[in-house]
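Biologist: Please take me through the contacts in this model, and set each term against its criterion.

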There are 2 protein chains.
Amino acid sequence: MSIIFSRQCEYALQAVTYLARTKEGEKTSIRELARILRIPHHFLAKILQRLTRKGFLISAKGPTGGFALSMPAKDITLFHIVDAIDGLAFANSCVLGFQECSGKHPCAVHDQWGEIRDALYGMLVSRNVAQMGAAMKKPEYEAAGN
Amino acid sequence: MSIIFSRQCEYALQAVTYLARTKEGEKTSIRELARILRIPHHFLAKILQRLTRKGFLISAKGPTGGFALSMPAKDITLFHIVDAIDGLAFANSCVLGFQECSGKHPCAVHDQWGEIRDALYGMLVSRNVAQMGAAMKKPEYEAAGN
DNA sequence: TTTATATCAGACTCTTTTGTCTTAGATTAA
DNA sequence: TTAATCTAAGACAAAAGAGTCTGATATAAA
């Protein structure tokens, strides 16, 4: 079950995180990504194509082809990926679903949720993909993965 | 688009909030709730039945029948309702979807998300339905609703 | 007792999300 | 040039969430 982000978005974040760990100029095939991250092959393909069209990845066809980040990993934040895949609806709507809820008509948790939402926003903006990749490089993860 | 809670859960919270505003012992029909809260009649019925089976509401058939809270509104927290409808998956899983993510194998936002999740948890536990109802009683809402 | 009004319950449809399958087209290497 | 390997793209299927419809049953009031 997804919490805040769609599964597509989670997969996108995981894939980009993995790509941040590869060497400069090195391409990774969908097949390899799908196998290692345990993501359905063709589903992942669509997600990567979407990220490519948005400008975060570059792709190359044929043997030795694959995907790679189009810019330094430190320049891509989690916010960029979430925005590209899920959009930013989470930042604007009432967590309890009250349509009338707003600054003028706050629900009973409006202010508390506002703080939480800001913290979430800050988390997404402050973390870049290079940091994500570094966290995944810890030895424990090498064992847990593949 | 729902953010964290399913639409069912949002509807449940809205319905219980409304019931908290009614007089002690007064019953409200699904028809009235559905009309005022703009929730599909039969969909709301299922949600209320679920809350009844969980023990938060009491129901009565026939004319003058309807639903009411089974206990004082101040004894029902948002947490109770969310647990009854959506469950507590949000409290345990990695926000980025990494299966290996845990205290021993934290992802790059594990700690930050942990704080946000705790704040969310605290919000749900600290707010009860009586407070929700009171917030909705503000004059602005009377105008916005109906 | 009859009628109107409720809840109760389950089958059904619609939509969105997730995942699968197939074909086409590009590119590299033999 | 041919074969192998990859992305590109769209149709299709499965699953889950959301919402609808119908009939049964209970109950209060006329």
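Modeller: In this model, 43 residues of chain A are in contact with 43 residues of chain B, contact meaning heavy atoms within 4.5 Å. The model is predicted: local features need pLDDT of at least 70, side-chain atom pairs count only at pLDDT 80 or more, and totals for chains, interfaces and linings use all residues. Residues are numbered from 1 along each chain as its sequence is written, chains are lettered from A and ligands numbered from 1 in the order written, and side-chain values use heavy atoms, with hydrogens and water left out.

Biologist: What is the buried area between chain A and chain B?

Modeller: Chain A and chain B bury about 3900 Å², 69% of it on carbon and sulfur atoms. Buried area is the accessible area (1.4 Å probe) that two parts lose on being put together, summed over both.

Biologist: Why is the pairing of Glu100(A) and Arg38(B) called a salt bridge?

Modeller: The term requires a side-chain nitrogen of Lys or Arg within 4 Å of a carboxyl oxygen of Asp or Glu. The N to O distance for Glu100(A) and Arg38(B) is 3.9 Å, so the pair qualifies. The count between the two chains is two salt bridges.

Biologist: What makes Ser59(A) a polar contact of DNA strand D?

Modeller: A polar contact is a pair of N or O atoms within 3.5 Å; within protein, one must be able to donate a hydrogen and the other to accept it, and residues adjacent in sequence count only if both atoms are side-chain atoms. For Lys46(A), a polar side-chain atom lies 2.8 Å from a base nitrogen of DNA strand D.
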